[in-house]
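Dear colleague,

I am handing over a structure that will be new to you. Please look at it first, and then read the notes below it.

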Amino acid sequence: MNDRPLLLNYTKKSNDDVGLDPAVMESRPVLSRTISRLKTKPDVFYFCKGAESIQELLEMPQQNLSWEECCFQRAEQLLRLKKDRYYISYSGGIDSTAVLVAMQEVWPKADLEKVVVLLSKTSIEENPTFFNRHVSKYPLETSLQNASRLLRKPNTLLVTGEMGDQLFGSVILMLPCQEEGDQILKADFREAVPGIFKGLQLHMGQLSESTNYERFYQIVEECPFPIQTTFDFFWWFNFTQKWQFVKYRFLQSSDWDLHLRYGEQILHFYDTIAFQQWSLKNHDLKIQDTWESYKFTNKEFIYKYTKDPEQLTLRKIQSLLKTFTLNEKRMAITSDYREVNSIEELRNYVRSH
Amino acid sequence: MSDLIKTFLFYDRQADKPIFVKRSRDIDYSFDGPDFYSVETAAAAPITASENGLLKRKVAVAIWLRTIMAVIDRGVSDDFSERSLKAIPVDDASRSKFLKLTAEEKQLLKERILLNRKRFEQKILAAKTIEEVESEFLMMRNSVQIGIYSPIERELRKIYEDY
């Protein structure tokens, strides 16, 4: 078992021709890119451990920080790294806006001069007042370029707003809320989740009789509190099954330099133990009764320090999409940061269920 | 979109027989491969069924690629038009930075569209078997069909028929 080759991440959007059993094939694409942090492993492939397990998070000393304290703690950690240049990946969404707010509150003015913001036109459209009042003060560069080139300069760090979604819930629920109304958030997960998975498959153009629900149902048993609603389920799904995929998806663009390492040249702002423990302990602070209230705690944090009421009405949109536009994707990355180039090689990593 | 429908006929070079017909109002589908060539005609012409499955599939996938790239290119042009940029409430103090950034982004996207179309088209046209064509088609969909400018699968089906 120890000699088995392992993947760090699988980034392909579908499983066509991978040689998986039909039950797994039908469950793409949601299933294909999940890497479980639980004892239950619905994973399609054998993966190395690239993030804390849920059990480890629960057994570690509990930091019990508020959301604001988590943000400031992370901003201080980044400052202590004493980099010469910090590139901040800014999508204009709630999470990356909060990153800049936290840094502006904690960092001395001289250190803020080391910041360069990577953004796109969409980032500005999403949050124009924050752009006018804050972002435009920094040197700006387009986020559509190959950021790994920027990181070849010594003592340089890229900070992203990734993992915020996994802490707060899941964007999977955005479309069902738009189509069926906000009441779906509080619906009994056993009744609503199979239909949502099915709708997702149809949305991706996949016609299948089976759903992912059967495959993932058992993950609810390891949650430290009872999963009852649709929102509970998809937060737990995202937090436990998608964490590692999201953490390492920056590797998927074929032009990304695989010599760069997470933790050395790139860090996600929300990837800390304190944030993850906050997520496990503060389930009531993620959403209220409507999709509009999603991430309300982070919006209130931004408002507190910007005094801009528009920050309270920011809506979650999929602001990352453009970053990946028209980039050739790698199929998978191995535990030693090597690219898997062929379906034949990928078959070596397939789990048997 | 123009009212004039153009017809592109694709011919098997070796057999000198038509293998595929594509009608379009807007997109230029004139392109040749080592084993086929295209001719633009004024009127729709009936074609005989082709025996060459590989060639037919190659042309179909290459047309799909041209279609999606044209749709993406159009999306970028609209999104970065003067009118669209003016609609974003950027204040005077930030405007020059904003315009510099968006000009750079538009150029980068346009370059990437051309580069990707060329790269994928070369791979499709060089394929020796239907399996190779399908494998490249899969890679294309995985790489290209993501992003705010890309139509999703169900929209694409309609676009593919319309253009």
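The notes that follow go through the findings by topic.

Please bear in mind throughout that this is a predicted model.

Chain B

I begin with the overall make-up of chain B, which has 5 helices and 3 strands. Along its sequence these elements follow the pattern β-β-β-α-α-α-α-α. The chain comprises 163 residues, of which 44% count as buried. Among the contacts in chain B with a separation of 6 or more, 63% are between residues 24 or more positions apart.

B:Leu125 belongs to helix α3 (residues 92–126) of chain B. Its relative accessible area is 10%, under the 20% limit, so B:Leu125 is buried. Beyond its neighbours within four places in sequence, B:Leu125 is in contact with B:Asp32, B:Gly33, B:Pro34, B:Phe36 and B:Lys58. B:Lys58 is 67 residues away from B:Leu125 along the chain, yet their C-alpha atoms are separated by 6.5 Å.

The nonpolar cores

The largest nonpolar core holds 134 residues, and the members that touch the most others are A:Phe233, A:Trp236 and B:Phe10. Helix α1 (residues 53–79) of chain B gives the most to this core, contributing 13 residues. Apart from this core lies another, of 12 residues, including A:Tyr10, A:Ala332, A:Val340 and A:Ile343.

What does A:Trp236 touch, not counting residues up to four places away in sequence? Its partners are A:Leu38, A:Ile54, A:Ile219, A:Val220, A:Glu222, A:Cys223, A:Pro224, A:Ile227, A:Gln241 and A:Leu280.

Helix α3 of chain A covers residues 67–80. At 1.5 Å a residue, its 14 residues should span 20 Å, and the end C-alpha atoms are 20 Å apart, so the two values agree. The buried residues of this helix are A:Trp67, A:Cys70, A:Cys71, A:Phe72, A:Arg74, A:Ala75 and A:Leu78. Just after the helix, A:Lys82 takes a positive phi of about 50°.

Helix α4 of chain A, residues 94–106, passes the corresponding check: 13 residues at 1.5 Å each should span 18 Å, and the end C-alpha atoms are 18 Å apart. This helix is mostly covered, with 10 of its 13 residues buried. The buried residues are A:Ile94, A:Asp95, A:Ser96, A:Thr97, A:Ala98, A:Val99, A:Leu100, A:Val101, A:Ala102 and A:Met103.

Aromatic rings and charges

Over all chains, the structure holds 44 aromatic pairs. One of them joins A:Trp67 and A:Phe275, whose ring centres are 4.9 Å apart. Their planes meet at 55°, which lies between the limits of 30 and 60 degrees, so the pair is tilted. The pair links distant parts of the chain, since A:Trp67 is in helix α3 of chain A and A:Phe275 is in helix α15 (residues 273–281) of chain A, 208 residues apart. A:Trp67 is buried, with a relative accessible area of 4%, and A:Phe275 is also buried, at 0% relative accessibility.

Ring pairs also join A:Phe189, A:Phe197, A:Tyr213, A:Phe216, A:Tyr217, A:Phe233, A:Phe234 and A:Phe237 into a cluster.

Two charged residues lie over rings. The charged end of A:Arg37 sits over the ring of A:Phe239, at 4.8 Å from its centre. A:Lys121 lies over the face of B:Phe80, 5.2 Å from the ring centre.

Two further buried residues of chain A

Is A:Leu119 buried or exposed? Its relative accessible area is 0%, under the 20% limit, so A:Leu119 is buried. A:Leu119 lies in strand β3 (residues 115–119) of chain A. Leaving aside its neighbours within four places in sequence, A:Leu119 is in contact with A:Tyr90, A:Ile124, A:Phe131, A:Val135, A:Leu140, A:Glu141, A:Thr142, A:Ser143 and B:Leu101.

A:Arg330 is placed in the loop between α16 (296–306) and β7 (332–334) of chain A. With 5% relative accessibility, A:Arg330 counts as buried. A polar atom of the A:Arg330 side chain lies 2.8 Å from the backbone oxygen of A:Trp256.

With kind regards

Notes
Residues are numbered from 1 along each chain as its sequence is written. Chains are lettered from A and ligands numbered from 1 in the order in which they are written. This is a predicted model: local features need pLDDT of at least 70, side-chain atom pairs count only at pLDDT 80 or more; totals for chains, interfaces and linings use all residues. Side-chain values use heavy atoms; hydrogens and water are left out. Helices (H or I, at least four residues) and strands (E, at least two) are DSSP runs, numbered from the N terminus. The expected span of a helix is 1.5 Å times one less than its number of residues. Buried means under 20% relative accessible area, exposed over 50%, partly exposed in between (1.4 Å probe, protein chains only). A polar contact is a pair of N or O atoms within 3.5 Å; within protein, one must be able to donate a hydrogen and the other to accept it, and residues adjacent in sequence count only if both atoms are side-chain atoms. A nonpolar core is a set of buried Ala, Val, Leu, Ile, Met, Phe, Trp, Tyr and Cys residues joined through side-chain atoms within 4.5 Å. Contact means heavy atoms within 4.5 Å. Rings of Phe, Tyr and Trp (its six-membered ring) pair if their centres lie within 6.5 Å; planes under 30 degrees apart count as stacked, over 60 as edge-to-face and the rest as tilted. A charge sits over a ring if NZ of Lys or CZ of Arg is within 6 Å of the ring centre and within 35 degrees of the ring normal.
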